[in-house]
Amino acid sequence: MTLTITIASTCYLLSSFIFSALYVRFADQSPVAKTLRKHFYLFPFIPIFVFMYLLKHAMTLLIRIPGKMTRRAFEILSGKKTYKKSSAYHKY
């Protein structure tokens, strides 16, 4: 049992090390890669960080798409363009 845990831990550390190196190489502009380059010792946690980063982007898309669809439907039904927040402040 102890040998199995040791082998599993070693395989996890080795695979997360390789994954983090490849992630930094191919996605070098992402915030996770920049953090990993700055704090190398966080490489065992890279799968968690990447999963949270992708989850954040997925949730952002799930929130934005219905909002854009609602805005577009309102524009079609009303026949007028809606004001965006930034342009609405300058209309005064």
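Contact means heavy atoms within 4.5 Å. The model is predicted: local features need pLDDT of at least 70 and side-chain atom pairs count only at pLDDT 80 or more, while totals for chains, interfaces and linings use all residues. Residues are numbered from 1 along each chain as its sequence is written, and side-chain values use heavy atoms, with hydrogens and water left out.

**View 1. Contact of helices α1 and α2.** S20, Y23 and V24 in α1 meet V32, A33, L36 and R37 in α2. By class, this contact of α1 with α2 has 5 nonpolar, 1 polar and 1 charged residues. Ala, Val, Leu, Ile, Met, Phe, Trp, Tyr, Cys and Pro count as nonpolar, Asp, Glu, Lys and Arg as charged, and the others, Gly among them, as polar. The axes of α1 and α2 cross at roughly 120° and come within 9 Å, which makes α1 oblique to α2. The crossing of these two helices is left-handed. Helices (H or I, at least four residues) and strands (E, at least two) are DSSP runs, numbered from the N terminus. Axes are lines fitted to C-alpha atoms, for helices over the stretch in contact, and angles run from 0 to 180 degrees between N-to-C directions. Angles under 35 degrees count as roughly parallel, over 145 as roughly antiparallel, 65 to 115 as roughly perpendicular and the rest as oblique. A crossing is left-handed if the near helix is turned anticlockwise from the far one by less than a right angle, and right-handed if clockwise.

**View 2. Packing of helices α2 and α3.** Helix α2 (residues 31-38) packs on helix α3 (residues 46-78) at an angle of about 155°, the axes being 10 Å apart. α2 is therefore roughly antiparallel to α3. α2 passes α3 in a right-handed crossing. On the α2 side P31, V32 and L36 take part, and they meet I46, F49, V50 and Y53 in α3. The contact of α2 with α3 has 7 nonpolar, no polar and no charged residues.

View 3. S20 lies in helix α1 (residues 2-26). With a relative accessible area of 4%, S20 is buried (buried means under 20% relative accessible area, exposed over 50%, partly exposed in between, for a 1.4 Å probe and protein chains only). A polar atom of the S20 side chain lies 2.8 Å from the backbone oxygen of F17. Apart from neighbours within four places in sequence, S20 is in contact with L36, F43 and I46.

**View 4. Surroundings of S16.** S16, found in helix α1, is buried, with a relative accessible area of 2%. The backbone oxygen of L13 lies 3.1 Å from a polar atom of the S16 side chain. Not counting residues up to four places away in sequence, S16 touches F43, P44, I46 and P47. S16 and F45 are 29 residues apart in sequence, and their C-alpha atoms are 7.8 Å apart in space.

**View 5. Y41 in the loop between α2 and α3.** Y41 is found in the loop between α2 and α3. This residue, Y41, counts as exposed at 56% relative accessibility. Y41 and F17 are 24 residues apart in sequence and 9.8 Å apart in space, C-alpha to C-alpha.

Technical notes
A polar contact is a pair of N or O atoms within 3.5 Å; within protein, one must be able to donate a hydrogen and the other to accept it, and residues adjacent in sequence count only if both atoms are side-chain atoms.
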